Each structure stands twice: as C-alpha cells, then as structure tokens.
Amino acid sequence: MNATKMRHILDTIADLFPDAHCELNHRNPFELTIAVLLSAQCTDETVNKVTATLFEKYRTPEDYLSVPLEELENDIRRIGLFRNKAANIQKLCRILIDRFGGEVPREHAALTELPGVGRKTANVVVSNAFDVPAIAVDTHVERVSKRLAIAKPDDSVLEVEKRLMKLVPRDEWTITHHRLIFFGRYHCKAQNPKCDVCPLLDVCPEGKKRMKATVRAEDRAKKARAQTGKAGSARNADANGAKSQPTRKRQEQAAAKGGADA
Ligand code: SF4
C-alpha cells in the first residue's frame, strides 16, 4: 500500500462517512470505559439499551461496589458474558478507587492494567475521552483493512494497528478509526459487502475478486437459463408434433370422406 492509494482510501471514506463517531453512548471517561468493556462480543446497540438505565443507577465506582455482584449481573444480563463482565466491572472500580482516586487514568499502560480492559479498549478510551490519537482495531477495522490490502490476510490485530499507524497521519488516527468502523458496519459488511456500488472498488483486491465471481456466476446462470429454454422449446415442439398427428389424421380422414361423398 503506497501513500497515494492510502490517501485515496482515507478521502473516500471521509466523503462517505463525514460524521463517523463513537456510537457507544457515554457522558464521561468512566462511562465510556464501562461501555467499551460491555461491548466485547456484543453490538453497540445492545450496550446502549442496557447503559440507558445502568448509567442512571450507577454513576461512580462506589455505586458499582455498593451492590452485590448478583444485582449487577442482573442489571447487565442482556449482554453476552454478563457474569464475567460484572465481576470485571467491580474489580475495575475497586482499582480505580484504590489506585487512581476514583478516576479513569489517562495513560494507556495504566488502562490496560485494569480488568477487562485490553489494548483495543484502552485505545478507544484514550482517543475518545482524552483526545490522544489512537487507532483501535476492532472486527470491522481489521476486516476492511485486510480486504483493502492495507494489511496482510494473516496479520494479527496488533500488526493491523501498526500498519494503520504507519500509513495514516497521526492527527487522523482517531477519526480514521471511526470511519473504518462505519465503513465496515454499513458498507463493507462482513456478509454482503456493497462491492457493486463501492467507490473503492478500483483499489480493492477483495472487491475485484468478488465482482469477477459475481460475473462468472451470472454467466453460468444465463447459460443454464438458455439451456433450459432450448430444452423447453424442443419438448414443446415434440409435444406439439405428437398432438398434431391425430389432428392431421383426422383431417386426412375427413378429406377422404368428403371425396367419397362428392
Ligand atoms: S470493493 Fe467491496 S470488499 Fe472492497 S472495500 Fe468496497 S465493499 Fe469492501
């Protein structure tokens, strides 16, 4: 991937999704940290439904520790892995109170020490809550980067992140993360990417491969339809021929009879 091609990709996704943003609802770094922790293997939509009431009931780390674990589990039970996540939230809140004065730390390294917070979550928190440029690589960012050959097919998540950091100007890291997510979520979807109307088809190896496969499949379908049509016509002709024989016979008999009458 060269710089010109990368610029073309960045400008195109910027045109497509100028307002891309973090879709997890939150009012402060603490809520964002909880929301991102909850979002592992779960859609943002479900997380937002749960946090709409969760964030009213629990506003501080102390609030989460003031209830039995079972109650917190129950409050987030619509979310996958809720038992694990509830336990991590309480452990995280304990550490925030004991080591960070009840605040979410700004440092990436400190964040990744918190239970349930990995590199991706830390990147989301530092970039969205503290304006520190970062590219969090989630499933959409990884898929799109690989399809567009920004990254190699067998790159790890960390390798994808490093490639993006190298190719994207630092001051565009955070917005590029959001735009790649929007692009992957709404356009270059996992199952049915919109390659036929994609403005990046000219630079996308995966898209070109898919379009060729589609054309081949259409050709095959056309041929199959043509064969079926021919076979159908032949069958109809046979059937018509078979039907017309007795008719002809009747006509001949009628003519013979007419002749005799005359
Ligand atoms: S051409 Fe297809 S695979 Fe490539 S980026 Fe566009 S939608 Fe995704």
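In which loop is A149 found? In this predicted model, A149 sits in the loop between α9 and α10, the latter spanning residues 157-167.

**Overall make-up**

The secondary structure of the chain amounts to twelve helices and zero strands, and the elements, followed from the N terminus, run α-α-α-α-α-α-α-α-α-α-α-α. Of the 262 residues in the chain, 30% count as buried. Where contacts join residues at least 6 apart in sequence, 58% of them link residues that are at least 24 apart.

**Helix pairs**

| Helix pair | Angle between axes | Axis separation |
|---|---|---|
| α9 (residues 139-147) and α11 (residues 173-186) | about 80 degrees | 8 Å |
| α2 (residues 29-38) and α8 (residues 119-130) | about 150 degrees | 10 Å |
| α1 (residues 3-16) and α11 | roughly 70 degrees | within 10 Å |

Helix α9 packs on α11 at an angle of about 80 degrees, which makes α9 roughly perpendicular to α11. On the α9 side the contact is made by H140, V141, R143 and V144, and on the α11 side by H177, L180, I181, F183, G184 and R185. Sorted by class, the contact of α9 with α11 holds five nonpolar, three polar and two charged residues.

Helix α11 also packs with α1, the two axes crossing at roughly 70 degrees, and α1 and α11 are therefore roughly perpendicular to each other. The crossing of α1 and α11 is left-handed. Here L10, I13, A14 and L16 of α1 meet T176, R179, L180 and F183 of α11, and the classes in this contact of α1 with α11 are six nonpolar, one polar and one charged. Among the α11 residues, L180 and F183 take part in the contact with α9 and also in the contact with α1.

The pair α2 and α8 has an angle of about 150 degrees; because this is over 145 degrees, α2 is roughly antiparallel to α8. Helix α2 passes α8 in a right-handed crossing. The contact is formed by P29, L32, T33, V36 and L37 of α2 together with T121, V124, V125, N128, A129 and F130 of α8, and the residues of this contact divide into eight nonpolar, three polar and no charged.

**Positive phi angles in loops**

For L81, phi is about 60 degrees, and the residue lies in the loop between α5 (69-75) and α6 (82-100). L81 is partly exposed, since 14 other C-beta atoms lie within 10 Å, a count that falls between the limits of 12 or fewer for exposed and 20 or more for buried. For A149, phi is near 65 degrees, and this residue, placed in the loop between α9 and α10, counts as partly exposed with 14 C-beta neighbours inside 10 Å.

Conventions:
Residues are numbered from 1 along each chain as its sequence is written. This is a predicted model: local features need pLDDT of at least 70, side-chain atom pairs count only at pLDDT 80 or more; totals for chains, interfaces and linings use all residues. Axes are lines fitted to C-alpha atoms, for helices over the stretch in contact, and angles run from 0 to 180 degrees between N-to-C directions. Helices (H or I, at least four residues) and strands (E, at least two) are DSSP runs, numbered from the N terminus. Angles under 35 degrees count as roughly parallel, over 145 as roughly antiparallel, 65 to 115 as roughly perpendicular and the rest as oblique. Two residues are in contact if their C-beta atoms, placed from the backbone, lie within 7 Å. Ala, Val, Leu, Ile, Met, Phe, Trp, Tyr, Cys and Pro count as nonpolar, Asp, Glu, Lys and Arg as charged, and the others, Gly among them, as polar. A crossing is left-handed if the near helix is turned anticlockwise from the far one by less than a right angle, and right-handed if clockwise.
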